[in-house]
Amino acid sequence: AQCLCVSLGVMAARMIQQNLKRIGLVIPKANAPAANYLPFKRTGNLVYIAGQIPKNEQGELMTGKLGLEKGISLEQAQEAAKLCGVNIIAQMNAATNGDLTKVKSVVKLEGFVNATEDFRDHPKVLNHASDLLVEVFGAEVGAHSRFAVGAGSLPLDVTVEIGCIFEIED
């Protein structure tokens, strides 16, 4: 049984690494929190990832509101959501000390979209973060529940903010 567990762990690690390579994703260093909160918190087998914003490794933010005549496009917002997904994976990588094979399930995504009150495509924005998690962890582990809601404003005028809950192995 010990040998089988080790083999399954090695297979899971290879699958995640292959998925990351296939989509061209190098996991960045996790962003430090911007205030008095933890970037992630473990309780039991659940890890709660604090809301991640679309901030790249150079510290640049993707900002703007959807639905304005001179606002950002749906495609730009989708890229912002994907960057939030990358930052979620970076936080989870930190939470597991670099061992993403400990992820048993992506449980839930919680997404906020900076949009006007008449904007209606919030789910289309969050799909890019959802798709990324499924691409990295596979359909069985990466499939999750979620909500996607509009917000009149978000901190620092970011386009999207997304939190996540993971279940991990002991």
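Tutor: L156 sits in the loop between strand 4 and strand 5, where strands (E, at least two residues) and helices (H or I, at least four) are DSSP runs numbered from the N terminus. The model is predicted, so local features need pLDDT of at least 70 and side-chain atom pairs count only at pLDDT 80 or more, while totals for chains, interfaces and linings use all residues. Residues are numbered from 1 along each chain as its sequence is written, and side-chain values use heavy atoms, with hydrogens and water left out.

The phi of L156 is near 60 degrees, a positive value in a residue other than glycine. D157, placed in the loop between strand 4 and strand 5, has a positive phi of about 60 degrees and is not a glycine either. Most residues other than glycine have a negative phi. L156 is exposed, at 59% relative accessibility, and D157 is partly exposed, at 40%. Here buried means under 20% relative accessible area, exposed over 50%, and partly exposed in between, with a 1.4 Å probe and protein chains only.

F112 belongs to strand 3 (residues 103-114) and F147 to strand 4 (residues 145-151), so the pair ties together parts 35 residues apart in sequence.

F137 is buried at 3% relative accessible area, and F166 is buried at 0%.

F166 is also one of the residues touched by I88, along with I49, Q52, L109, I162, G163 and C164, not counting residues up to four places away in sequence; contact means heavy atoms within 4.5 Å. I88 is in helix 2 (residues 74-95) and is buried, at 0% relative accessibility. From I88 to L109 the separation is 21 residues in sequence and 9.8 Å in space, C-alpha to C-alpha.

As for the chain as a whole, it has four helices and five strands, in the order α-β-β-α-β-α-α-β-β from the N terminus on. Its radius of gyration is 16 Å, close to the 15 Å that the globule rule gives for 170 residues, so the chain is as compact as a globular protein of that length. That radius is taken over C-alpha atoms, and the rule is 2.2 Å times the number of residues to the power 0.38. Buried residues make up 39% of the 170 residues. Among contacts between residues at least 6 apart in sequence, 81% join residues at least 24 apart.
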